[in-house]
Amino acid sequence: MRLRVGGGRLGAIDPAAIAKAEAALKSLSGNFTQWLNDEIAKLETARAAIRDAGQTAETMESLYLRAHDLKGLGATYGFPLITRIAGLLCRHIDDKAKRLDVPMTVIDAHIDAIKTAARDDIKTDDQPAGQAMLQALEARAA
């Protein structure tokens with residue numbers, strides 16, 4: 001049996017399939033805010049663990065995984081700014097050999113920026129507040 005994609009024309013995409021996928025995504029979009037908040041809560045839990053137990057390999061790995069999840073999901077949930085901020089945080093803590101040396105103030109600044117973006121509905125760096133947040137984070141990192 002041979003499967004056909006796009007009605008048999010190579011490279012063609014069925015418009016009905018696209019419309020169906022877009023409708024499915026739209027029906028889920030009402031959940032995006034809650035899902036985003038759930039991911040941010042996980043990030044906050046990871047930060048709390050660092051404050052309680054200190055910057056250990058385990059606590060920093062947990063933080064990295066939470067930040068990495070947000071890096072991948074932020075834009076999906078309609079917040080490309082959160083994707084960028086989480087990506088910046090991941091860059092700071094990506095190297096396992098240097099993770100324990102990352103100042104907590106850098107970690108806090110990124111997490112607080114993510115929380116602010118979600119709370120204040122700052123979705124992109126096209127918005128002045130989003131642009132200011134990114135500039136502040138990049139300046140702090142430098």
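## Salt bridges and helix packing

The side chains of Lys42 and Glu39 form a salt bridge, with N and O 3.3 Å apart. This is a predicted model. The two residues, Lys42 and Glu39, stand three apart in helix 2 (residues 32-53), so about one helical turn separates them. Lys42 is partly exposed, with a relative accessible area of 39%, whereas Glu39 has 9% relative accessibility and counts as buried.

A search of the whole structure finds 11 salt bridges. Side chains of opposite charge can pair when their charged atoms come close. Among the salt bridges are those in this table.

| Residue with N | Residue with O | N to O distance |
|---|---|---|
| Lys42 | Glu39 | 3.3 Å |
| Arg47 | Asp108 | 3.1 Å |
| Lys123 | Asp121 | 3.8 Å |

Arg47 and Asp108 meet through their side chains. Arg47 belongs to helix 2 and Asp108 to helix 5, so this pair ties together parts that are 61 residues apart in sequence. Both Arg47 and Asp108 are buried.

In the salt bridge between Lys123 and Asp121, the closest N and O atoms are 3.8 Å apart. Lys123 is partly exposed at a relative accessible area of 33%, and Asp121 is also partly exposed, at 42%. Elsewhere, salt bridges with shared partners link Glu44, Arg47, Arg51, Asp108, Asp112 and Lys115 into one network.

Helix 5 (residues 104-119) also contains His110. With a relative accessibility of 1%, His110 counts as buried, because the cut-off for buried is under 20%. A polar atom of the His110 side chain lies 2.7 Å from the backbone oxygen of Val106. Beyond its neighbours within four places in sequence, His110 is in contact with Ile85, Leu88, Leu89, His92 and Leu137.

Helix 4 (residues 80-93) and helix 6 (residues 128-141) pack with their axes 11 Å apart, at an angle of about 5 degrees. Helix 4 and helix 6 are therefore roughly parallel to each other. Sorted by class, the contact of helix 4 with helix 6 has seven nonpolar, two polar and two charged residues.

Technical notes
Residues numbered from 1 in each chain as written. Predicted model: local features only at pLDDT ≥ 70, side-chain atom pairs only at ≥ 80, totals over all residues. Heavy atoms only, no water. Helix = DSSP H or I, 4+ residues; strand = E, 2+ residues; numbered from the N terminus. Buried < 20%, exposed > 50% of the residue type's maximum accessible area, 1.4 Å probe, protein only. Polar contact = N/O pair within 3.5 Å; in protein donor to acceptor, adjacent residues only side chain to side chain. Contact = heavy atoms within 4.5 Å. Axes fitted to C-alpha atoms, helices over the stretch in contact; angles between N-to-C directions. Parallel < 35°, antiparallel > 145°, perpendicular 65-115°, else oblique. Nonpolar A, V, L, I, M, F, W, Y, C, P; charged D, E, K, R; others polar. Salt bridge = Lys/Arg side-chain N within 4 Å of Asp/Glu carboxyl O.
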